Amino acid sequence: MTAPTATGAFAALREQLTGAAAAFADGPDDLAGILSGLVDDVDRALGERLEIFPVCHHSPASALAMARRLRQKQPRVIYLELCEDFRPILAELRNCRLPVAVQAFASELHGFPAAWAPLSVIAPVTEASAEYQAIAYALESPGVELVLVDRSTDHVFQWSPRDGTPPADGAAPEPTGSDPGEQAALHGDAFGVEIGDLRPRFAELEAHLLHHGKVRHWSEWWDSYVERPLAVADHDTYRQVMVLIGSLFRRLRPPGADRTDRDEDRERYMWTRIRQHLATTDVDPADCLYVCGAFHAASRVDQFGLDSAAPDFEITAPTATVWQYGLIPSSHSAIETQFGLAPGSVSIAAATWSRAVNSSGATPYRLGGQRGPTSRGRRGLGRSAAAPASAITDRLSGFLAAPPAPDGLDEPELRSWCVDIVRLARRNGYLASTADAIAVFETSILLAGLRNRARPTPYDFADAAVTCIEKDVVPGRRDVRRLCEILLGGDRIGQVGYDALPPLARDVLHRLQPLGLDLEKRAVQRALLDLQHRPELAECSNLLWILRHLMPPGAVRPIMGEHRLGHRSMQESWDLALGRHQRALIELGYEGVTVEQVLEQRLRRTVHGPEATVVGALAAVEDALRLLHGPRLVDELGARAVELLATERSVDDAPEVLRRIRRLLAHHQATTPRLPAWCEAFVTTGYAHYCTLLPTAFVDQETGVRQVGAMLGFLVSLESLALSLGCDRSQLELALAQSHPQAPPKVALLWAAHHHLGMLPLAELRLRCLALLSNPLVVPAFPQYLSGFVHALEPVPGLAPFVVETMSTAFARLPDPVLLPWLPNLVTTLREHGPELVPLLVREAGRTFPATLAELDSWVPPWSATTRTHPQGTPGQSAGQVLALLTDHREPVNAVATLLGVGGDAPPPT
């Protein structure tokens, strides 16, 4: 480690701190070492030949000091603490409205755990930040080079522990008093990187500062005790104070933490990149500026400084992961959520930045052509002579010893806040009045006095407003604290301009232009598509259905119209919010050039992934038919569905498989002259597969009756097609012969299957059910038998009259003491096991029972006059309505008798 520079400028401060440590501490060693180490770190950082400019993220004071220093020094090279692979995308910031976030995204990983996918790294950029001032100066000033020196996004994850979980930011969120809403989720689950993370990493130190500062959040402490004093400080004072704070937080941190090791590796990485760049160019270090966080400015690694004799840090090669880069919209609340800041702190910082620029007369930098509110900043500067280097002088002693500059009460500003918050509260349902405005005014001054502040801060005002206006119940969607955030600047939401969007996003907006809507707006817009009179909108409709499949639910939402196999609505209505979900649209651009390509890739990943199922493959086939109209892709996905079906050992998805394959077969039979090869293979494979698994499914307790009924439905309803394709019916007969279920619903299913194959006549089936009703031990379980018969309607729909008959017989024969406890069990069983088949029973009952009350008295159930079977098994003659019909109309009977070779008139039926 390089020894600190002995400039002697801070000798007096060092002696003063060492003496204080000896006077107030039990032993001078530890405390004196820390205090003198702070001065050594400041002395070392300021004595470096390459000027180090310490910053804090999203700090108006840092941004203001950066703008002043850039105009004074006019550096030729700026080294910036930011992922080095972000450099090519920074030029697109001029096409955006801040705040936005620079993003690196990777969906296919090589060299990282598969559970981490997808990986995303974001770096938010706001106008009130020092990094934006440096970027704007470098991009708008001719001959200035911007060099990013921090680790690449690939190294961010290379250095993360491989514990099976993706790395997190590690920022502890501060206490929040309101729900940040959907704007706080603009960054999603991305890993956040920032320039100048300056927060105590020693919990006791932060708690001590908050307690004695009489504040609730770290952001409030920083704004009161660092941000405001440094906003009016000169350059030397600013640098020394920031390095001192960075050194304090660096020394008072838990030892041995993984994050400490990563921070030091980052510092070695950045100094290695700086020295490599200087070695390959002829730039004088005096014409360069190194912008980094104050924490890293107080670095003590061996590679610190240009004159260090330590070898360069060994930088590993990146993995084979392909990273995509772009810009996504950000917001103040998203930044606060990402980095654990207090709600409203970034909005307050933006308002502070605007006031500081107007009051100080400074001219900040701004990228040319950038959208957003106008600024007094100039886009570029001509070259001017660099300011001569001045000797280091001690500014810390005076800054630490002098009392804060008096900042009197600004009554007009506070009064306007109080009036506006009452007006805003009334708009949101609060019963606020002028008396509340007066109370907020007085309470703000009182709270500021209790916290040793002469001038109320926005945090004091927000606390006073909550105290005076907030009631027990929030009448609307926003509470008072959220209203204060809106009043003091609001949650500004950035937007990525059209020219900075990836090709896919631009293609989507271009193809939706016939709708006549400005889809870059964040508002939800209604699109009406009359496809009958404007057939050219069919392309827009197809694109909207694809976007609905690919994007979050709220981005593209159909209000009217549907798009299923073989059907298209003539009129459609959509709610479009592509501007609000711009991040999701941009991330689609990382996966392909068009949405059709992205959809095709996702469908392939669905059917070939490790979690692929038959249902997922059939759903992918259906989506390909509806959205892509590509027979080649459909055949490929269908062939994969056949492979998955042949290797599947579970029948849990059998009902969904049956429903989807029926729909696909009906579609192909109606639209093509013959079935595709994959459909034929699916039917034959499924017939053999389910015949093999059927005996096991009947006796397996974990296999439900619904799954067994779906298996029988596949085998029975598709039997004719399977037999025409070469299957053998003996497979099904053998499977049923080997099935010996014990559960009542599965027994009923087996009986229904036997009846369908002709192995169990209806009369014998009726006798079995009557025997069940006659056995008092079986009567409580009879609803389960009925549940099995209800599920049997899937493979044997012709059994519906018998099920109605059996249920009616049970109601007629069972006594009330048995029937009344039995009915709730019947209802719950049918609701649980066969809700979609109950309507079929209701329709059959409607055809069986009389429709009017007058017909009920003379109505005879069709099954009441049926005779028993003869001992030889020949069925007896029917009676009831059929007998009356044959007696009244003997001519057809005689004609049939003659056709069968029976001589003479047929005798009247008896």
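## Close-up views of the predicted model

**View 1. The parallel sheet E1-E8-E2-E6.** Gly 293 in E8 is the bridge partner of Val 55. The model is predicted: local features require pLDDT of at least 70 and side-chain atom pairs pLDDT 80 or more, whereas totals for chains, interfaces and linings use all residues. Residues are numbered from 1 along each chain as its sequence is written, and side-chain values use heavy atoms, with hydrogens and water left out. Strands (E, at least two residues) and helices (H or I, at least four) are DSSP runs numbered from the N terminus; two strands pair if DSSP finds at least two bridges between them. This open sheet consists of four strands in the order E1-E8-E2-E6, with parallel pairing. Strand E1 (51-55) and E6 form the edges, each pairing on one side only. On average, neighbouring strands of the sheet are turned by 30° against each other, direction ignored; angles run from 0 to 180 degrees between N-to-C directions, and axes are lines fitted to C-alpha atoms, for helices over the stretch in contact.

View 2. Ile 78 has Leu 289 as its bridge partner in E8 and stands opposite Leu 146 in E6. Cys 83 faces Asp 150 in E6. Strand E8 (residues 288-293) has six of its six residues buried, so it is largely enclosed by the rest of the structure. Strand E6 (residues 145-150) is mostly covered, with five of its six residues buried. Buried denotes under 20% relative accessible area, exposed over 50%, and partly exposed the range in between (1.4 Å probe, protein chains only). Helix H4 (residues 130-140) lies across E1, E2 and E6 and runs at about 130° to E2.

**View 3. The crossing of helices H3 and H12.** The axes of helix H3 (residues 60-73) and helix H12 (residues 345-360) come within 9 Å and cross at roughly 35°. This crossing of H3 and H12 is right-handed, meaning that the near helix is turned clockwise from the far one by less than a right angle. From H3, Pro 60, Ala 63, Leu 64 and Arg 68 meet Ala 349, Thr 352, Trp 353, Ala 356, Val 357 and Ser 360 of H12, where contact means heavy atoms within 4.5 Å. By class, the contact comprises seven nonpolar, two polar and one charged residues.

**View 4. The antiparallel sheet E11-E15-E12 and helix H19.** Three strands form an open sheet in the order E11-E15-E12, paired antiparallel. At its edges are strand E11 (525-530) and strand E12 (556-560), each of which pairs on one side only. Neighbouring strands here are turned by 25° against each other on average, direction ignored. E12 pairs with strand E15 (residues 571-576) in the antiparallel sense over four bridges, and Arg 557 stands opposite Asp 575 in E15. Helix H19 (residues 538-550) lies across E11, E12 and E15, running at about 50° to E15.

**View 5. The nonpolar cores and Leu 512.** A nonpolar core is a set of buried Ala, Val, Leu, Ile, Met, Phe, Trp, Tyr and Cys residues joined through side-chain atoms within 4.5 Å. The largest has 222 residues, and those with the most contacts inside it are Tyr 79, Tyr 290, Leu 512, Phe 682 and Leu 694. Helix H25 (residues 677-699) supplies the largest share of this core, 11 residues. Apart from this core lies another, of 25 residues, including Ala 432, Ala 437, Ala 464 and Leu 483. Leu 512 touches Leu 519, Cys 540, Leu 543, Leu 544, Leu 547 and Leu 578, residues up to four places away in sequence not being counted.

**View 6. The covered helix H17.** Helix H17 (residues 480-487) has six of its eight residues buried, so it is largely enclosed by the rest of the structure. The buried residues of H17 are Val 480, Arg 481, Arg 482, Leu 483, Cys 484 and Glu 485. Their cover includes helix H14 (411-427) and helix H16 (458-469).

**View 7. The whole protein, for orientation.** The protein has 37 helices and 15 strands. Of its 910 residues, 51% count as buried.

Notes. Nonpolar A, V, L, I, M, F, W, Y, C, P; charged D, E, K, R; others polar.
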